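Hi,

Here is the model I promised to pass on.

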Protein chains: 2
Amino acid sequence: MANTISVIGLGAVPEVRVGDDYTQLVLEAASADDFSFQAGDILVVTQKIVSKAEGMLVDLREVQPGEFAKQFAATWDKDPRQVEVVLRESVRIVKMERGIIISETRHGFICANAGVDMSNVAGYDYACLLPKNSDASAECIRHGLREQLGLEIPVIISDSFGRAWRNGITNIAIGVAGMQPLLDYRGTTDAHGYLMHASIIAVADEIASAAELVMNKIDGVPLAVVRGYKYAPGVGSGQEIVMEASRDMFR
Amino acid sequence: MANTISVIGLGAVPEVRVGDDYTQLVLEAASADDFSFQAGDILVVTQKIVSKAEGMLVDLREVQPGEFAKQFAATWDKDPRQVEVVLRESVRIVKMERGIIISETRHGFICANAGVDMSNVAGYDYACLLPKNSDASAECIRHGLREQLGLEIPVIISDSFGRAWRNGITNIAIGVAGMQPLLDYRGTTDAHGYLMHASIIAVADEIASAAELVMNKIDGVPLAVVRGYKYAPGVGSGQEIVMEASRDMFR
């Protein structure tokens, strides 16, 4: 059994407040779970706590929906304030059908509702936006952990996106720091000496998916550590996984 | 650290031949790696060994490309025999641009090259097709393991597919037996009492992605076991993850 990795959920993160220091949140959660980071670990952090710490919450009581949002919301029985926030977070609508909005965010992500989740804080409804720059957030946590622990721990910010052609959402990497998010096997040969074509593997997305298995939406485990996976070190970024418009056949 | 899962690669699978018994392949690989299955384990099997055992190999020396395949291959510097096989495996072309064929297979999968991989057996080029019915293959392995071990082990047949909007391929579940591939959180409340909308998680795809992290294309590890994940038992099928045409906005 030479080849084993572990995925460890760290659940003991307190309710996150605007301005909270990510690194402290991570270290406190680890400490509360009697967990010690090791060299080789990869940390996966859900988008939600990053967005909350960065203050990316919009109080729906303060949103004035425009005419377009009102019309779409009325047709499809949606909250016009939510629709308005989604439209503001979109740079381009890809599809807008049957009450579903698939759009491109300013980060280049293509997803439902521009990645906006609904949240409830102190009894009021908030829209939780994506972090402004998930790669910068990932790098901030990576840097903080290096300062505090003296370890190089790659960090992935994850979120759950839908896909074309397949039911259900899966966790993917929207921010990456400290590792190469794509592994390029082109030009290498497989176990039988056969040249491998078109094999670029989005390992950061696969790591985010593995992390979701211990995060469990209901229990609200916002951190996971992947241990034992031999990642390729590098600066890395989640933007490398965003397909360039010129190559994308489904925009 | 209550919440930990392990992903264990089983690499010691011999070269697979047509007609090989999957269950025996799995048991031999486990035995060679000193691995014992436990209740709660999930087995992930790469499509390639299933296809090979089922004889889904097409000898390219015997393929006569048609005019359409010849033209497309000449324009984009492809092997016309490979293109011909891909077209035969497709029930509908979704996109055919810049040498790339995205098509729908008879199973309803939408992917590049109709899921056809190139393989090399005994010095000759073969096209390796998807299994005829990955759900039936998964069920066959599940049933075999139950007979041999007396354990209920869910089985996922995995393959690496590309995605719209994102670079790189990730491992997904093309066949499932013994577990629910989708977890439906709709109507449930999260840790903060907020009702969760639109949260159906494709856990079988996430498990397949986690498995890829130990499979490693180059080393050719064709089996992985996910241990410690509390799956929802059920008959299950990979077809449940294939989006119904009526709901799919990107066909």
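Before anything else, a convention: two residues are in contact if their C-beta atoms, placed from the backbone, lie within 7 Å. Helices (H or I, at least four residues) and strands (E, at least two) are DSSP runs, numbered from the N terminus. Axes are lines fitted to C-alpha atoms, for helices over the stretch in contact, and angles run from 0 to 180 degrees between N-to-C directions.

This is a predicted model, so bear in mind that local features need pLDDT of at least 70 and side-chain atom pairs count only at pLDDT 80 or more, while totals for chains, interfaces and linings use all residues. Residues are numbered from 1 along each chain as its sequence is written, and chains are lettered from A and ligands numbered from 1 in the order in which they are written.

Now the two copies. Chain A goes onto chain B by a rotation of 180° with 0.0 Å of shift along the axis, RMSD 0.0 Å (least squares on the C-alpha atoms of residues with pLDDT of at least 70 in both). That is the relation of a two-fold axis. The copies meet through the same surface, because 100% of the interface residues of chain A are also interface residues in chain B.

The contact takes 65 residues from chain A and 65 from chain B. On the chain A side, H6(A) gives the most, with nine residues. That side divides into 32 nonpolar, 19 polar and 14 charged residues (Ala, Val, Leu, Ile, Met, Phe, Trp, Tyr, Cys and Pro count as nonpolar, Asp, Glu, Lys and Arg as charged, the others, Gly among them, as polar).

Strands pair if DSSP finds at least two bridges between them, and here 10 strands form an open sheet with mixed pairing, in the order E10(A)-E9(A)-E2(A)-E13(A)-E1(A)-E1(B)-E13(B)-E2(B)-E9(B)-E10(B). E10 of chain A and E10 of chain B stand at the edges, each with a single partner strand, so one side of each is left without a neighbour in the sheet. The twist averages 25° from one strand to the next.

Where do the chains join in it? E1(A) and E1(B) run antiparallel and are joined by five bridges; A:Thr4 has B:Ile8 as its bridge partner.

Finally, H6(A) lies across E1, E2, E9, E10 and E13 of chain A together with E1 and E10 of chain B, running at about 120° to E10(A).

Cheers
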